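Trainee: I would like to learn how to read a structure like this one. Could we go through some features together?

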Amino acid sequence: MKLLADIAVCIAGIVQIAIMILEIFFWQSHTSLRAFKMSPELAAMTTYMGANQGLYNGFLGFGIFFGLILGDFSIKVFFLSCLIIAAIFGAMTVNRLIIVFQGVPALLAFLLNFLVK
């Protein structure tokens, strides 16, 4: 069960790092335009804002991996909690699918970590 919890944590971290890469390096791509419901003009005007968002998502992802590497329950749960809250806010303000892609993996990892503690 611990292995399953660690895999879930890893998936949540990978999702965050993938989002970081999308926001920092591919903000004006078709995928990003569709995901964030932006026009090419808006994406061009907000490139630095997207990179800033990406940096924050990267911090969440790396924090999750930091907790995983250290095997520290508190660090994992803290960063997963931050991610769940961010996913809820993102779903309410940007795109409801954020809760699916970011929130569900984080919530699953969060719950599994409590089961194995």
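Trainee: Is Cys-10 buried, partly exposed or exposed?

Mentor: Let's start with the ground rules. This is a predicted model, where local features need pLDDT of at least 70 and side-chain atom pairs count only at pLDDT 80 or more, while totals for chains, interfaces and linings use all residues. Residues are numbered from 1 along each chain as its sequence is written, and side-chain values use heavy atoms, leaving out hydrogens and water. Buried means under 20% relative accessible area, exposed means over 50%, and partly exposed is in between (1.4 Å probe, protein chains only). With a relative accessible area of 26%, Cys-10 is partly exposed.

Trainee: How many disulfides does the structure hold?

Mentor: A disulfide is a pair of cysteine sulfur atoms within 2.5 Å. The structure holds zero. From the sulfur of Cys-10, the closest cysteine sulfur is in Cys-82, 19 Å away, which is too far for a bond. Cys-82 is partly exposed, at 27% relative accessibility.

Trainee: How do I read a pair of aromatic rings?

Mentor: Such a pair is described by the distance of the centres and the angle of the planes. Rings of Phe, Tyr and Trp (its six-membered ring) pair if their centres lie within 6.5 Å; planes under 30 degrees apart are stacked, over 60 edge-to-face, and the rest tilted. A search of the whole structure finds four aromatic pairs.

Trainee: Which residues form one aromatic cluster?

Mentor: Phe-73, Phe-110 and Phe-114 do.
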